[in-house]
Amino acid sequence: STPLVDDDPTQLSLLLKEFPNLLTMSLEGNIQPTLNFYNRTGYTSLSEDWQLLPGATRIPGRYIAASLYNRLLPRWHFCLTTKHTTIDESGERPYKNAPSLHLLVLSNDARFCDSLGLDPSEYSSFKDSAIPRLKFSSQFDTWLKTGRPIQV
């Protein structure tokens, strides 16, 4: 089974047509950790065997190729740190005020901050200090497995 598509085999061809560079990415090193991020943060819903759950958002190939350490995790943790994004206590979704998937993945840093009303220089400083910690910290592995926030 594949974590990228539902049971329709034409989905894989569409995904690869949309973003052929996925073929160059490591399943264990790139694709699964990124999909795990999207699953943990509520952008999609995957079963334990990596199947897309009914009604869940299919993550486009271009979004799967986004840099987990240099883009997704720093932005996500900055939103949590600044309290822009919080845990949804109602249980309707994992987080409240999460940035849109498109904004999180495809915007440049200035547009990302501007769209959310965040300070670009504060984000830049956060990112510069967070990337090394996110890349090499065992907290990241714990976060992927348990969802426990990374302490900054």
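Helices and strands are here taken as DSSP runs, of at least four and at least two residues respectively, numbered from the N terminus. On this basis the predicted model follows the pattern α-α-α-α-β-β-α-α-α-α when read along the sequence, with 8 helices and 2 strands in the protein. Of its 152 residues, 38% count as buried. Among contacts with a separation of 6 or more, 62% join residues 24 or more positions apart.

The largest nonpolar core comprises 32 residues, and the members that touch the most others are Phe37, Tyr38, Leu72, Val105 and Phe112. Two or more residues are given to this core by each of α2 (27-40), α3 (61-64), α4 (68-81), α5 (101-106), α6 (109-116) and α7. Helix α4 provides the largest share, 6 residues. The surroundings of Tyr38 illustrate the packing. Beyond its neighbours within four places in sequence, Tyr38 is in contact with Tyr43, Thr44, Ile59, Tyr63, Ile64, Ala66, Leu72, Leu101 and Val105. Two of these partners, Leu72 and Val105, are themselves listed with Tyr38 among the core members that touch the most others.

An α-helix has 3.6 residues a turn, so residues three or four places apart point the same way. At the N-terminal end, α6 is capped by Asn108, a side-chain oxygen of which lies 3.2 Å from the backbone nitrogen of Ala110. After α6 comes Gly117, with a positive phi near 70 degrees.

Tyr123 is located in helix α7, which spans residues 120-136. With a relative accessible area of 1%, Tyr123 falls under the 20% cut-off and is therefore buried. Leaving aside neighbours within four places in sequence, the contacts of Tyr123 are Arg71, Pro74, Arg75, Phe78, Asp109 and Cys113. Another, Phe78, is 45 residues from Tyr123 in sequence, yet the two C-alpha atoms are 6.9 Å apart in space.

Notes. Residues numbered from 1 in each chain as written. Predicted model: local features only at pLDDT ≥ 70, side-chain atom pairs only at ≥ 80, totals over all residues. Heavy atoms only, no water. Buried < 20%, exposed > 50% of the residue type's maximum accessible area, 1.4 Å probe, protein only. Contact = heavy atoms within 4.5 Å. Core = buried A, V, L, I, M, F, W, Y, C linked by side-chain atoms within 4.5 Å. Polar contact = N/O pair within 3.5 Å; in protein donor to acceptor, adjacent residues only side chain to side chain.
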